Amino acid sequence: MQKIIKIKPSKLILMAPFLVFLTFVLTSSIMLPFLNDIFSFKIMNSIDQFLGLICHQRPDRSLLVAGLHMHLCSRCFSFYLTSFILLILFIFNRQFIVKKQVVFYALLLPLIVDGTTQLFGFRESTNLLRCITGSLASISVSPIIYLKYHELIHAVPGFTTKVKI
């Protein structure tokens, strides 16, 4: 008598593209100011241009590391850092995700209010407030992205491997 066991790839392997992307973004944004003297201008400029696709990179809105401006603004950096932390939590435990839409909107509201009031010139935001709103937005959006990606991958026919024993 043969048993068929379905083997699914681990969540770590499935979520590897997110891990690689977030690790690259976070480490390059922190290390880029320090590496200008080590690497060629072409490499540094390419990384800086890539980061420019995902962030406006304004120095007055960036955090300082050892007196040098990071190549991500404080809001984007905190968004990606929180996304990275949530990804690690998602890989090891899926229960942390809140599935209520009210929470999703409530966590995005501070970002919307801060960005809108700043855009129309009612006030100037601080880097601390930008970090907080970026993290809250990440807590709202990242789990939805991870869950949808996870569901999409598992919906692919033939995704599991059948092994006869």
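The expected span of a helix is 1.5 Å times one less than its number of residues. The model shown in these views is predicted.

**View 1. Helix α4 runs from residue 74 to residue 92.** Its 19 residues reach 27 Å from the first C-alpha to the last. That is close to the 27 Å expected at 1.5 Å a residue.

**View 2. Helix α6 has a kink at Ile139.** The bend is about 30°. Ile139 comes shortly before the proline Pro143. Helix α6 spans residues 127-154, 28 residues in total. From first C-alpha to last, α6 reaches 39 Å, close to the 40 Å expected at 1.5 Å a residue.

**View 3. Met31, Phe34 and Leu68 form a nonpolar patch on the surface.** Together the three residues have about 230 Å² of accessible area. Leu68 belongs to strand β3, residues 68-73. The relative accessible area of Leu68 is 33%, so Leu68 counts as partly exposed. Patch members need over 30%.

**View 4. The side chain of Ser62 lies by the backbone oxygen of Leu72.** A polar atom of the Ser62 side chain is 3.4 Å from that oxygen. Ser62 sits in strand β2, residues 62-65. Its relative accessibility is 4%, so Ser62 is buried. The cut-off for buried is under 20%.

Methods. Residues are numbered from 1 along each chain as its sequence is written. This is a predicted model: local features need pLDDT of at least 70, side-chain atom pairs count only at pLDDT 80 or more; totals for chains, interfaces and linings use all residues. Side-chain values use heavy atoms; hydrogens and water are left out. Helices (H or I, at least four residues) and strands (E, at least two) are DSSP runs, numbered from the N terminus. The bend at a residue is the angle between axes fitted to the seven residues ending there and the seven starting there. Patches are made of residues with over 30% relative accessible area and no salt bridge: like charges are joined within 9 Å, nonpolar side chains (Val, Leu, Ile, Met, Phe, Trp, Tyr) within 5 Å. Accessible areas come from the Shrake-Rupley method with a 1.4 Å probe; for residues, only the protein chains shown count as cover. A salt bridge is a side-chain nitrogen of Lys or Arg within 4 Å of a carboxyl oxygen of Asp or Glu. Buried means under 20% relative accessible area, exposed over 50%, partly exposed in between (1.4 Å probe, protein chains only). A polar contact is a pair of N or O atoms within 3.5 Å; within protein, one must be able to donate a hydrogen and the other to accept it, and residues adjacent in sequence count only if both atoms are side-chain atoms.
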